[in-house]
Amino acid sequence: MTNVYNNILGLIGNTPLVKLNEVTRNSPATVYAKLESFNPGHSTKDRIALHIIEAAEKKGLLKPGATIVETTSGNTGFSIAMVSIIKGYKCILSVSDKTKAEKIAYLKALGAEVHICPASVPAEDPRSYYEVAKRIAAETPNSIYINQYFNELNIEAHYLTTGPELWEQTEGKITHIFACTGTGGTLSGSAKFLKEKNPNIKVIGVDADGSILKTFHETGEINLDEIHSYQIEGLGKNLIPGALLFDKVDEFVRVNDEMSAYCTREIALKEAIMGGYTTGAVLQAFKQYAETHPMKEEDLVVLVFPDHGSRYITKVYSDQWMEEQGFVNNGVHNNDEVYKTEIVK
Ligand code: PMP
């Protein structure tokens with residue numbers, strides 16, 4: 001029997017590459033998108049949830065009926081909840097009270113126990129979602145805390161899967177990889193594998209305007225003045241994640257909320273690929289990078305598209321939300337390409 005699986009977890013990984021034809025048409029390079037939304041939990045985080053949980057099982061840290069704890073309202077929570085169901089574990093997630101009801105409903109639909117914590121308290125306050133998760137993990141016997149920002153297994157998951165997939169899918173012809181950095185796991189693990197195969201492959205990290213990662217990479221310093229709030233979820237950070245291997249990254253490109261939003265919609269409208277907000281961020285980073293690093297015809301670029309657009313219907317795909325952000329002028333890019341967001345009435 002082919003294409004038949006024992007359970008949903010068998011579908012994790014081996015995501016497709018799809019050529020981008022319209023949104024990168026100004027570039028001589030061949031550009032592919034790695035569609036991580038083809039994972040069963042619709043994001044790249046399925047890979048790390050499965051790998052971290054199975055590593056703990058191998059070490060004997062998880063007995064039947066164990067509990068998995070993490071702080072997340074996003075993709076990682078969904079993936080952990082999915083893996084927990086199949087493996088018979090309890091999943092407890094602590095999230096901030098800024099989390100949309102819709103997201104909490106997603107997590108509960110997959111059986112997660114969700115603890116809602118005040119966003120307005122400092123990280124070290126016992127009521128913060130970090131401290132609540134730590135306390136639950138410490139108080140619950142037979143439990144693990146995933147701790148994706150500081151867990152080396154996050155990098156290893158991508159070193160063992162995403163990196164080799166990219167090498168094989170491009171038959172070793174890949175010249176550039178672009179990936180968003182939140183924890184840094186996707187970029188670091190893939191880059192570690194790819195640079196072992198060919199050290200000339202260029203590794204470009206995508207950072208957010210309002211995050212400290214790009215400057216830290218360039219200067220080794222944390223510039224607290226750069227921190228400000230922004231709308232793109234899952235991209236950039238106000239701390240230095242342990243899962244980010246800065247020495248594997250050639251360059252960071254910083255993108256803003258507005259241009260990333262236009263790019264997200266542009267990909268949906270021109271390529272019929274509905275990605276999340278960071279999907280637009282990675283395309284925007286490619287466009288900015290190409291302005292200062294002219295690409296060649298023989299270049300083979302992969303943009304990692306982290307998740308599916310269905311989770312962003314009330315955000316970047318909502319005209320009302322776009323207007324609330326003041327994103328009404330539509331994007332102007334590269335001086336020669338004016339991209340107009342179509343308004344659907
Ligand atoms: N995009 C989205 C939507 C995410 O949730 C994340 C994870 N924070 C990323 C991109 C970045 O992935 P990573 O954590 O592997 O750097």
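This is a predicted model: local features need pLDDT of at least 70, side-chain atom pairs count only at pLDDT 80 or more; totals for chains, interfaces and linings use all residues.
View 1. On the domain 1 side, 29 residues join the contact, and domain 2 brings 19 residues to it.

**View 2. The interface between domain 1 and domain 2.** Put together, the two domains bury about 2000 Å² between them. Carbon and sulfur atoms carry 51% of that buried area. Polar contacts turn up here too, with a count of 13 residue pairs between domain 1 and domain 2, both partners at pLDDT 80 or more. As for the make-up of the domain 1 side that touches domain 2, we get eight nonpolar, 14 polar and seven charged residues.

**View 3. Salt bridges, with a look at R47 and E36.** Three salt bridges are found across the interface of domain 1 and domain 2. Zooming in on a pair of side chains, R47 meets E36 in a salt bridge, with 2.7 Å from N to O.

**View 4. The residues around the ligand.** The ligand has 15 residues around it, and the ones that come nearest are K45, G182, T183, G184 and T186. Sorted by class, this shell has nine polar, three charged and three nonpolar residues.

**View 5. Polar atoms facing ligand oxygens.** Start with the backbone: an N or O atom of G182 sits 2.7 Å from a ligand oxygen. G184 also uses its backbone, placing a polar atom 2.8 Å from an oxygen atom of the ligand. With N75 it's the side chain, where a polar atom lies 3.4 Å from a ligand oxygen. How much of the ligand's accessible area does the protein cover? On its own the ligand has 390 Å², and the protein covers 94% of that.

Note on methods
Residues are numbered from 1 along each chain as its sequence is written. Side-chain values use heavy atoms; hydrogens and water are left out. A residue is near a molecule or strand if one of its heavy atoms lies within 4 Å of it. A polar contact is a pair of N or O atoms within 3.5 Å; within protein, one must be able to donate a hydrogen and the other to accept it, and residues adjacent in sequence count only if both atoms are side-chain atoms. Accessible areas come from the Shrake-Rupley method with a 1.4 Å probe; for residues, only the protein chains shown count as cover. Ala, Val, Leu, Ile, Met, Phe, Trp, Tyr, Cys and Pro count as nonpolar, Asp, Glu, Lys and Arg as charged, and the others, Gly among them, as polar. Contact means heavy atoms within 4.5 Å. Buried area is the accessible area (1.4 Å probe) that two parts lose on being put together, summed over both. A salt bridge is a side-chain nitrogen of Lys or Arg within 4 Å of a carboxyl oxygen of Asp or Glu.
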